[in-house]
Amino acid sequence: MRRVALVKAWILAAALLVSAPAAAEIRIIQSPGGQVGPFLDLFEKVRESGERVVIDGPCLSACTLVLSIVPGERICVTKRAVLGFHAARSVDRRGRFYAEPEASEAVLQAYPGPVRDWISRRGGLTSRLLLLKGRDLVAIYPRCR
C-alpha cells in the first residue's frame, strides 16, 4: 500500500513538471506537494541535469524543497509563481496527521537564508500555509526572462 502511494506521488510530481529540452528548463506549473521522498529524488535529478527551474504557478509544501536542492542562480519565477510553506507532518496508521517538529526545523534550515528569514518573520513553520509571492518573492528570486 505504501509503495503504491509512493509511486503515485512520484507520477504526480513528474506530471506536474513540464520539461522543455530545447530551452533546457524545468517548468513548475502547479504542484500541491505530497510526500517528500519523491520530490527529493526528482529535484536531485534536476540539480544534476544543470537545467534551470522556472516556477510558473503554485509550488506548495514538498514542492518548495526545490529551493533547497537546486542552486538559487538556476531558479526564476513568473508573475504566477506562489510558494507555499508549512510545518512538516506525518500520517499515522489511522490516517491522523501529527506534527514533526524536528523535520520542520531541518527543512527550515535547508532553505536558503532569504527564504528562511521570510518564513521566520511570519512566525516560522506551523500548520498554517504561508504564501510567498509577488514583490516578496521577486526580492528573493529573479523574474524569468
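Asp-92 is partly exposed, with a relative accessible area of 25%. Its side chain meets that of Arg-96 in a salt bridge, at 3.0 Å from N to O. Arg-96 is partly exposed too, at 47% relative accessible area. The model that shows this pair is predicted.

**Salt bridges**

The count of salt bridges comes to seven. Three of them, including the Arg-96 and Asp-92 pair, are set out here.

| Pair | N to O distance |
|---|---|
| Asp-56 and Arg-80 | 2.6 Å |
| Arg-96 and Asp-92 | 3.0 Å |
| Asp-136 and Arg-122 | 3.4 Å |

Asp-56 and Arg-80 join distant parts of the chain. Asp-56 sits in the loop between β3 and β4, and Arg-80 in the loop between β5 and β6. They are 24 residues apart. Is Asp-56 buried or exposed? Asp-56 counts as buried, because its relative accessibility is 10% and the cut-off for buried is under 20%. Arg-80 is partly exposed, with a relative accessible area of 47%.

Asp-136 and Arg-122 form another salt bridge, with their closest N and O atoms 3.4 Å apart. Asp-136 belongs to helix α6, residues 134-138, while Arg-122 is in the loop between α5 and β9, so the pair ties together parts 14 residues apart in sequence. Asp-136 is partly exposed at 35% relative accessible area. Arg-122 is partly exposed at 29%. Elsewhere, salt bridges with shared partners link Glu-25, Arg-27, Arg-52, Asp-56 and Arg-80 into one network.

**The chain as a whole**

The protein chain has six helices and nine strands. It has 145 residues, and 37% of them count as buried. The chain exposes about 8,600 Å², with carbon and sulfur atoms supplying 56% of that area. Take the contacts with a separation of 6 or more: residues 24 or more positions apart account for 60% of them.

**The core**

In soluble globular proteins, nonpolar side chains tend to be buried together. Here the largest nonpolar core has 32 residues. Phe-43, Ile-55, Val-66, Leu-67, Phe-85 and Ile-119 have the most contacts inside it. Several elements give two or more residues to this core, among them β2 (25-28), β3 (52-55), α3 and α5 (113-121). Helix α2 gives the most, with four residues.

Leu-67 shows how such contacts run. Leaving out residues up to four places away in sequence, Leu-67 touches Ile-55, Ile-75, Leu-83, Phe-85, Tyr-111, Pro-112, Val-115 and Tyr-141.

Phe-85 also has a place in strand pairing. Strand β6, residues 82-85, pairs with β9 in the antiparallel sense over four bridges. Which residue in β9 is the bridge partner of Phe-85? The partner is Leu-130.

**A buried threonine**

Where is Thr-64 found? Thr-64 is in the loop between β4 (58-60) and α3 (66-69). Thr-64 is buried, with a relative accessible area of 0%. Its side chain makes a polar contact with the side chain of Tyr-111, at 2.6 Å. Setting aside neighbours within four places in sequence, Thr-64 is in contact with Cys-59, Leu-83, Gly-84, Phe-85 and Tyr-111.

Conventions. Residues are numbered from 1 along each chain as its sequence is written. This is a predicted model: local features need pLDDT of at least 70, side-chain atom pairs count only at pLDDT 80 or more; totals for chains, interfaces and linings use all residues. Side-chain values use heavy atoms; hydrogens and water are left out. Buried means under 20% relative accessible area, exposed over 50%, partly exposed in between (1.4 Å probe, protein chains only). A polar contact is a pair of N or O atoms within 3.5 Å; within protein, one must be able to donate a hydrogen and the other to accept it, and residues adjacent in sequence count only if both atoms are side-chain atoms. Contact means heavy atoms within 4.5 Å. Accessible areas come from the Shrake-Rupley method with a 1.4 Å probe; for residues, only the protein chains shown count as cover. Two strands pair if DSSP finds at least two bridges between them. A nonpolar core is a set of buried Ala, Val, Leu, Ile, Met, Phe, Trp, Tyr and Cys residues joined through side-chain atoms within 4.5 Å. A salt bridge is a side-chain nitrogen of Lys or Arg within 4 Å of a carboxyl oxygen of Asp or Glu.
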